[in-house]
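Good morning, colleagues. I should like to take you briefly through one model, and I would ask you to keep the sequence and the structure in view as I speak.

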Amino acid sequence: MVDGVITGGEICRVSPAMISSYFEYMTTEYAKYSTGHGMLLIQLSGPNRGEVWTADAARGMLRRAGLPGRIKPHAFRHSFTSAILDASGNDPYVAKEAGNWASVQTVDEVHGHPDQHSPEFVQALRTVWGEEE
């Protein structure tokens, strides 16, 4: 935290198993709310029930998780990209794809088209997820 603002943290790209579990949960438990727009991160209560999450909704969830100060969710993306760069031997193409950045140039400017099935890409994600073999 810097001057009362959370400027970093760790959010990992989720594994396929996590996506599958979340998808199954949302499409069985909340099927009537997750239809129409195709998004799964939706408001589950309140006047905006069923609507897609906003940045404010993400901030609210992080506050309820007990994080103090002002929260900048975008800062988590920067921390994640740095972790991917470290895990991939500073490969900006891996970082671009894993972080869904617009371009490799953006990765280079902010932090310093990989084959998503390459051993390097898969290993970098496993390292960041803590699933090293």
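Let me begin with Leu-41, which is found in the loop between α1 and α2; helices here are DSSP runs of H or I with at least four residues, strands are runs of E with at least two, and both are numbered from the N terminus. Leu-41 is partly exposed, at a relative accessible area of 46%. For these terms, buried means under 20% relative accessible area, exposed means over 50%, and partly exposed lies in between, with a 1.4 Å probe and protein chains only.

Together with Tyr-22 and Tyr-25, Leu-41 forms a nonpolar patch on the surface, with about 280 Å² of accessible area together. A patch takes residues with over 30% relative accessible area and no salt bridge, and joins nonpolar side chains (Val, Leu, Ile, Met, Phe, Trp, Tyr) within 5 Å and like charges within 9 Å. Areas come from the Shrake-Rupley method with a 1.4 Å probe, and for residues only the protein chains shown count as cover.

A word on the source. The model is predicted: local features need pLDDT of at least 70, side-chain atom pairs count only at pLDDT 80 or more, and totals for chains, interfaces and linings use all residues. Residues are numbered from 1 along each chain as its sequence is written, and side-chain values use heavy atoms, with hydrogens and water left out.

The mean pLDDT, the predictor's confidence in each residue from 0 to 100, is 75 for the protein, and 75% of its residues reach 70 or more. Where is confidence lowest, and where is it highest? The lowest mean, 59, belongs to strand β1 (residues 5-6), and the highest, 87, to α4. Where pLDDT is low, the predicted coordinates should not be read in detail.

Now the overall arrangement. The protein has six helices and two strands, in the order β-α-α-β-α-α-α-α along the sequence. Of its 133 residues, 28% are buried.

Lys-32 is exposed, at 67% relative accessible area.

Leaving aside residues up to four places away in sequence, Ala-124 touches Ile-84, Ala-87, Ser-88 and Val-94, contact meaning heavy atoms within 4.5 Å.

Beyond four places in sequence, Lys-96 touches Trp-101, Ala-102, Ser-103, Val-104 and Val-107. Lys-96 also forms a salt bridge with Glu-97, the closest N and O atoms being 3.9 Å apart; the criterion is a side-chain nitrogen of Lys or Arg within 4 Å of a carboxyl oxygen of Asp or Glu. Glu-97 is likewise buried, at 18%. A search of the whole structure finds one salt bridge.
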